[in-house]
Amino acid sequence: MRILLLLAAVLVGIMANSQEEKKFILKGKIKNINMPVEKVYLRYSNGGERRLDSAVVNKGSYTISNTIAEPVRATLSVKYVAAADGTPVKTNTARDYTAVFLSPTTISIVSVDSFSNTTVKGSAAHDEMKKLTALLKPYNDEIAQLSNQWREAKDEETKNKLTSLFEAVEVKSKEANKQYVQANPSSPIAIYAVNQFAGYDIDADKVQPVFDLLPANLKALPSAQDLAARIDIARKLGIGKTAIDFTQNDTAGVPVSLSSLRGKVLLVDFWASWCGPCRRDNPNVVKIFNQYRDKGFHVLGVSLDQPGAQERWIKAIHDDKLTWTHVSDLKFWENEVAKLYGIRAIPFNLLLDREGKIIARNLHGEELEKKLSEVLN
């Protein structure tokens, strides 16, 4: 399964600062929890800035307040008082975490027995999120079941079948988000639902009509402006479009431009040495590369490795036997090509024809081999 990692959106942060931020106050109570709670943490994003707020729990109560530019989904978690010998108490995702949709207002949250049993009042956005969650529950339950089966699977054939089933359910889940927006375009979580429908690999022709349902006041919010920019990038990178040219240095520091590889059927492969799914997919790409390289197929690897990780990047290239062209600016998710192409999840790839036009997106394994067979034979 693909690794999904969000970009730090600097542009969104700028837009958020232009919006009037309003205060939220989260007042919480914890009741009947067996282990003593020391602190609670609130994780959320405001205009591309990732935040971590916290509060000490005093006699079962706590308060967290800050400002937000728009309603936003947050995660509330608990930290227990350490054992007598200083050993920290391990947290459990199902027991010690809960989601709350913040609104710029006073929100009451009560947790009984554990954070898995939490009641939220005062947030209109959270009330709407409960409706959307109920709509998505059948799909989320099925995805959780398939994910457990995938982790327990022993062979690649079974994992591939489960991945296909997972992706089919994911499509249904996205459609449910679309239906929610169609029925509730003015909802305070409508932008969130459009983003869930859009996913990380945006089909502009499908997402734009849903985005257009939003009223003007929602389209002015930071997350909507960010999504509009992503849709615009996706439109420029649709099937049949000429891939945007770029230049980055290879492992020896020599600049390589995308246009310099015209004349070959080219796979532009976004990956990183730290990306487990990317590394697991590399043997498939190596096999296909060796099979079709003499017929005019080439690969350009664009790495999202981190600053100072050049040796790790080069080692991964050698370890995985990736004998094609590699470039990177070693800026992690701020990689200039990744930003230019709107990449928010890896592995991600584009297949270009000999003229540099995009003929396929995100093909892996048998799908990539089949497409190359059609193009090169």
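Visitor: In what sense do strand E6 and E7 pair, and over how many bridges?

Guide: Here's the general idea: strands of a sheet pair through backbone hydrogen bonds, either parallel or antiparallel. Two strands pair if DSSP finds at least two bridges between them. Here, strand E6 (residues 72-80) and E7 pair in the antiparallel sense over six bridges. One spot to look at is Thr-75, whose bridge partner in E7 is Ala-99.

Visitor: Before we go on, what am I looking at?

Guide: This is a predicted model, where local features need pLDDT of at least 70 and side-chain atom pairs count only at pLDDT 80 or more, while totals for chains, interfaces and linings use all residues. Residues are numbered from 1 along each chain as its sequence is written, and side-chain values use heavy atoms, with hydrogens and water left out. As for the labels, helices (H or I, at least four residues) and strands (E, at least two) are DSSP runs, numbered from the N terminus.

Visitor: Which strands form the open sheet, and in what order?

Guide: There are four, in the order E4-E3-E6-E7, with antiparallel pairing. Strand E4 (49-56) and strand E7 (97-102) are the edge strands, so called as each pairs on one side only. From one strand to the next, the twist averages 25°.

Visitor: Which helix lies across E6 and E7?

Guide: That's helix H3 (residues 124-152), running at about 120° to E7. Axes are lines fitted to C-alpha atoms, for helices over the stretch in contact (heavy atoms within 4.5 Å). Angles run from 0 to 180 degrees between N-to-C directions.

Visitor: How do E2 and its partners run, parallel or antiparallel?

Guide: You get both. Eight bridges join strand E2 (residues 22-31) to strand E5 (residues 61-68), and these run antiparallel. With strand E8 (residues 106-112), E2 pairs in the parallel sense over seven bridges.

Visitor: How do I read a nonpolar core, and which residues touch the most other members of the largest one?

Guide: In soluble globular proteins, nonpolar side chains tend to be buried together. A nonpolar core is a set of buried Ala, Val, Leu, Ile, Met, Phe, Trp, Tyr and Cys residues joined through side-chain atoms within 4.5 Å. Buried means under 20% relative accessible area, exposed over 50%, partly exposed in between (1.4 Å probe, protein chains only). The largest core has 48 residues, and Leu-258, Phe-270, Phe-297, Tyr-341, Ile-346 and Leu-372 touch the most other members. Among the elements that each supply at least two residues of this core are strand E12 (265-271), helix H9 (276-292) and helix H12 (365-376). Apart from it lies another core, of 27 residues, including Phe-101 and Val-194.

Visitor: What does Phe-297 touch?

Guide: Leaving out residues up to four places away in sequence, its contacts include Val-265, Leu-267, Ile-288 and Leu-372.

Visitor: Is Lys-321 buried or exposed, and what about Asn-362, buried or exposed?

Guide: Lys-321 has 59% relative accessibility, so it counts as exposed. Asn-362 is at 14%, so it counts as buried. Phi of Lys-321 is near 60°, a positive value in a residue other than glycine. Phi of Asn-362 is near 55°, again positive in a residue other than glycine. Asn-362 sits in the loop between E17 and H12.

Visitor: Where is the cis peptide bond?

Guide: It joins Ile-346 and Pro-347, with omega about 5°. Pro-347 lies in the loop between strand E15 (345-346) and E16.
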